[in-house]
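Thanks for asking me to look this one over. Below are my notes as numbered points, meant to be read with the structure open beside them.

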Amino acid sequence: MRLSFSSRLGLSLLTLVLTVLLGMNFYFPGVLRRQAEASGFDQLQAIARLAEFQGPAPDAVNARNTWVQDIALRSGVRVTILDRQGQVLADSQRDAETTADQSNQPEFRQALQGVGRAVRHDQILNCDVLYLAVSPAASGAPRDGNTTSPYVLRFALPLRAVDQTISGVRRRFWTGALLFLIISGSVFFLVSATISRRIKKLQEFSRRIAAGDFRPVELQPNGGELGGLARALNHTAGHLDKTIQVLTDERNRSAAILRSMVEGVAVISAQEKILFSNKAFSQILGLDTVAVEGRPLLEVVRHSNLLAIIKKTLATQEEFSSEVMMGTVQPRSFGVTAAPVKADGPAGAVLVLHDISELRRLERVRQDFVANISHEFRTPLTAIQGFAETLLGGALDDPVNRRRFVEIIRDHAARLARLTEDLLKLSRIEAGQLNLEFRPVSVHSLVESCLDTARLKAVPKELSVAADLPPDLPLVRGDANRLREVLQNLLDNALQYTPPGGSILVSASRRDDQVVITVADTGIGIPQAEQSRIFERFYRVDAARSREAGGTGLGLSIARHIMDAHGGGLWLESAVGEGSRFHFSIPIAS
Ligand code: ADP
């Protein structure tokens, strides 16, 4: 059984008080008794001296009895005369015959040498009695010159009064002690009940803190030490509350950041279990988001390169980076970094997956671009070099071919110039240096200015070029020169890819807050699969035909960039053998 603090304190105090009281109970009556005995003996001694002073006891039995009664009457003590063998000769209270032989009593034996003292219980009186025995000759100066007196005088004083006093004192003492115990016990009970109530409150409070409830405990006006403790606990709870709040906020912020990151992040324990992973991580690995955390790494990650890098980090506690491909249908490249994380116990690893597919694609595009440029430049350069060498090798003197050779060189040089110009334009556009001058532009005048040039080119190709524009078209907002460039390019392509006898029609219509201009031809059309690619740089459906016609493969790419910069669009509809319809939209001028 576990006792409360106040019960234990109460029991200890009670034991202490009882021990003290019992000690006093045994010590003080003893002292009193010893004092009473000492003064009793002193009294008996004085009586003995007086008796001696009265002269020796007479020898005759009657006279002896009278002598004894006389002294007993005067002194108030029992007086006995004994012979030296211990036989009672006279006794002030009892008959000499009825009194037993006293030779064995200690006071008697001591008295033979001088003075004898003894304390003994008396059966008849039923109390303790002090005995003092003297041998008159031995104690006093011999009156007849005889050193040994034939008598021993014994004086007896009952201690009844002393015993009564002592038991009275004892009674009062215990009554007082009982009263003291009751009063002090009640006070102790009241005080300890208050204290234990307050301690219980503090216990309750600390339990609340452990459960995360930091509301302060109620303070008592005169709190004393417990009040001080309560104040200190309130202060600690407040501080804890604030610290936990700060930590929780920080953790929530970190979790929110990690969750919203586009990079896949996972924390792996030293036991190769997933401790944390964000949504992006699950998406990259194609996992069910909910069930990832707590699962063994091997169950979740099947990618051998990824597993290898994690294991290497866990084993060496060093950071490693690598690149992995994920996904089978649409493979994507990821930069992987695995770094050790120090936590309690053995260190785990944090894994970050960063999608670098776009970066790799751009790298490929750049490589393709460089390869394309080299390829585009090589043909005219080879031609120029070849014909120049032919001329130098003697053809200069050949009046039939030299002009044709020089014309070929000129055409290829012009092609190189066009290529260079288009490339410069493209790079300026991509570098954001297009410097468009936006002004309200009339669609009618835009179309008319381009149609004139197109009609000229159409005649030798036996093509008809026409425009069908509604009269109430609003002005559009754009750079007239650039828009003309776009329309011109579309018309050039239509002229280029439409066989003789075909027709080209430019139309326009308002669609919401834009004007859409359409260039429709009855040409060869573009296969569905190629339609999205013709806007790429150098992409041509039929490269040989395009080159033959002096095309660079950059026209549509430049046109789309220009339309994007206008906040408009460029798209097409086409079917092989039926013709193509290129549309571009321009925002209306406000
Ligand atoms: P190019 O200088 O080769 O014309 P473009 O970028 O203008 O380059 O066009 C890219 C490719 O798109 C052309 O090579 C051609 O194959 C295709 N194309 C463009 N316009 C038409 C059209 N109106 N009809 C058929 N094919 C076209």
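1. Let me begin with a loop. Asn126 is placed in the loop between strand E3 (115-122) and strand E4 (127-134). Its phi is near 55°, which is a positive value in a residue other than glycine. Please keep in mind that this is a predicted model, and that the phi of Asn126 is a computed value for that model.

2. Is Asn126 buried or exposed? Asn126 counts as exposed because its relative accessibility is 57%, and the cut-off for that class is over 50%.

3. Asp512 sits in the loop between strand E14 (503-511) and strand E15 (514-521). The phi of Asp512 is also positive, near 55°, and Asp512 is likewise a residue other than glycine. With a relative accessibility of 68%, Asp512 counts as exposed. If you check backbone angles, both Asn126 and Asp512 will show up with positive phi.

4. Now to the ligand. How many residues surround the ligand? There are 22 of them, and the closest are Asn493, Asp521, Ser546, Gly553 and Leu556. Sorted by class, this shell holds 10 nonpolar, nine polar and three charged residues.

5. The side chain of Asn493 has an N or O atom 2.8 Å from an oxygen atom of the ligand. The backbone takes part as well: a backbone N or O atom of Thr552 is 3.0 Å from a ligand oxygen atom, and a polar backbone atom of Leu556 is 2.8 Å from an oxygen atom of the ligand. On its own the ligand has 530 Å² of accessible area, and the protein covers 97% of that.

6. Where does the ligand sit? The ligand is in the largest pocket. Helix H13 (480-496), helix H15 (555-565) and strand E17 (579-587) are the elements that give two or more residues to the shell around the ligand. Of the elements, H13 gives the most to that shell, with three residues.

7. While we are on helix H13, have a look at Arg484, which is found in that helix. Arg484 is partly exposed, since its relative accessible area is 29%. Arg484 also pairs up in space with a residue from elsewhere in the chain: Leu446 is 38 residues away in sequence, yet the two C-alpha atoms are 6.3 Å apart.

8. Thr313 belongs to helix H9 (residues 304-316), and its side chain reaches the backbone oxygen of Ala338 at 3.4 Å. Why is Thr313 classed as buried? Thr313 has a relative accessible area of 0%, and buried means under 20%.

9. Last, a side-chain pair. Glu363 is part of helix H10 (residues 357-392). The side chain of Glu363 makes a polar contact with the side chain of Arg360, at 3.1 Å. At 33% relative accessibility, Glu363 counts as partly exposed, whereas Thr313 is buried.

Notes. Residues are numbered from 1 along each chain as its sequence is written. This is a predicted model: local features need pLDDT of at least 70, side-chain atom pairs count only at pLDDT 80 or more; totals for chains, interfaces and linings use all residues. Side-chain values use heavy atoms; hydrogens and water are left out. A residue is near a molecule or strand if one of its heavy atoms lies within 4 Å of it. A polar contact is a pair of N or O atoms within 3.5 Å; within protein, one must be able to donate a hydrogen and the other to accept it, and residues adjacent in sequence count only if both atoms are side-chain atoms. Accessible areas come from the Shrake-Rupley method with a 1.4 Å probe; for residues, only the protein chains shown count as cover. On a 1 Å grid over the protein atoms alone, a cavity is a set of points where a 1.4 Å probe fits but cannot get out, and a pocket is an open set with protein on both sides within 12 Å along at least five of seven lines; lining residues have an atom within 4 Å of a point. A molecule sits in a cavity or pocket if more than half of its atoms lie within 2 Å of its grid points. Helices (H or I, at least four residues) and strands (E, at least two) are DSSP runs, numbered from the N terminus. Ala, Val, Leu, Ile, Met, Phe, Trp, Tyr, Cys and Pro count as nonpolar, Asp, Glu, Lys and Arg as charged, and the others, Gly among them, as polar. Buried means under 20% relative accessible area, exposed over 50%, partly exposed in between (1.4 Å probe, protein chains only).
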